Amino acid sequence: MASLPDSSTAFARDALTGLAGADALRSRLDEWRHDASQSGRAAPVHAMLLGLGRFDAVNLAYGEAAGDGALVEVARRLLHFAADELADGEWIAARLGGGKFALVAHQQLNRERWQWLGEAVGEAIAAPIAAIDGSGTVRLWPRIAMMRVLPGESPAHILDRLAATLGRAHDRPDARVLWAERSHAPAGIRAAELEADLLAAIDRNEIEIAFQPQFSLADGRLVGAEALARWHHRRVGLIGAGPLFAIAERVDHVAQLSRHIAETALEAARDWPHDLRLSLNITPADLASREFARDFLKIVAATGFDSDRVTLEITEQVLLSDLERSAPVIERLRARGIRIALDDFGGGFCNFRYLKLLALDEIKLDRSMIEGIESDPRDRAVLKSIVALARALQLDVVAEGIETEAQAAIARDEGCAKFQGYLGSVPLSASAFLERARS
């Protein structure tokens, strides 16, 4: 679901982040309230308001440009999180000015899952953000107010209750998430319990791998897939890859989880037709290990999958840990035929230093680079410029988040090589992807 209502032409996007603004959010809330009053059976509405504590200090310490860059990155992370975790229903993400953002879902969610989603959003926003000038990283301190919207409740009342709760949250450094109905979060699953469940889930092989198909823009044929980790927790529900790794990081089991995902995905891909590629994501813990290249190549060899059919995707967040250490690891992997892609390119303020220092094979455009290219000449001009830069560096370009034929046509005309997104397919189970690959 896009971050603006269907009638978004009547509302201006937030100029800095491209998210919906307050007017668009209120309009969407009114639409959902009207639908509920007409049908009497509409899905419930859940809302959260996120505020960035100490944001003024970021502007003072790093300058307004760095502050703006941080806000753009927060918006990107919020959109990615919502697209991954709320894909089964309607939702809207909005910026309400300054360092305040809203995420509202119109779908069946139990209170415990909404609580967990708020905590997971907070963790995602709190991760370090690269400064624009490359001088270091910025850390933000999110606080989140949450609520389940009452039947007939007006948008103004919803936002007022969230704002009042957020004010209390900022006064309590020990509480990242507060509910509007009460002064503390509802009883839910404890972090320690969730962490223990994850370790057991890995041992029992309960971490599922979905495959997001990738297609050639030239002729539409299937060319491969990206492996996406999913965990169906018995109480919280579906947990996507980002929050999943955040849980693993707290118990120092990122390497174990990453290895499990790689082994499972490679074993499933072993039965694919030989012209299809498999894309896997690399974590900071992976690249921090001196033996990652050696260990990963052993996993590939043990599964019998050809290393020259593997693409490893690296995000800027991964490279923040140690760019100089990452370069030789990447070189060693490429020497064995593995392709390297820079993922989420164009999200936030890109650090082009990575393109200078790293041996890359392709860049994967952030989905925000695709939104708006059908209607906004500036968005298309940005896409054209990125593709021209990639061509100069002899890099392929993959467009992520393609949802319409018009977007696909523009991406193809501008020179992108591949795409993934709901236009081609939703993520598929291993068996469903194999059936499609053989058809």
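1. In what follows, Ala, Val, Leu, Ile, Met, Phe, Trp, Tyr, Cys and Pro count as nonpolar, Asp, Glu, Lys and Arg as charged, and the others, Gly among them, as polar. The model under discussion is predicted.

2. The sheet is open and has five strands, ordered E2-E3-E1-E6-E7, with mixed pairing. Strands E2 (90-97) and E7 (177-179) stand at its edges; each has a single partner strand, so one side of each is left without a neighbour in the sheet. On average, and with direction ignored, neighbouring strands are turned by 20° against each other.

3. Two helices lie across the strands. H3 (residues 64-85) lies across E1 (45-53), E2 and E3, and runs at about 10° to E3. H4 (residues 111-126) lies across E1, E3, E6 (141-148) and E7, at about 160° to E6.

4. Searching the whole structure gives two cavities of 30 Å³ or more.

5. Which elements each supply at least two residues of the lining of the second largest cavity? They are helix H1 (22-39), strands E1 and E3, and helix H5 (155-170). Lining residues include Leu 25, Leu 29, Met 48, Val 104, Ile 158 and Leu 162; Leu 96 is also among them. By class, this lining has 11 nonpolar residues, with no polar and no charged ones.

Definitions and conventions
Residues are numbered from 1 along each chain as its sequence is written. This is a predicted model: local features need pLDDT of at least 70, side-chain atom pairs count only at pLDDT 80 or more; totals for chains, interfaces and linings use all residues. Side-chain values use heavy atoms; hydrogens and water are left out. Two strands pair if DSSP finds at least two bridges between them. Helices (H or I, at least four residues) and strands (E, at least two) are DSSP runs, numbered from the N terminus. Axes are lines fitted to C-alpha atoms, for helices over the stretch in contact, and angles run from 0 to 180 degrees between N-to-C directions. Contact means heavy atoms within 4.5 Å. On a 1 Å grid over the protein atoms alone, a cavity is a set of points where a 1.4 Å probe fits but cannot get out, and a pocket is an open set with protein on both sides within 12 Å along at least five of seven lines; lining residues have an atom within 4 Å of a point. Grid points are joined across faces, edges and corners, and a volume is the space filled by probe spheres set on the points.
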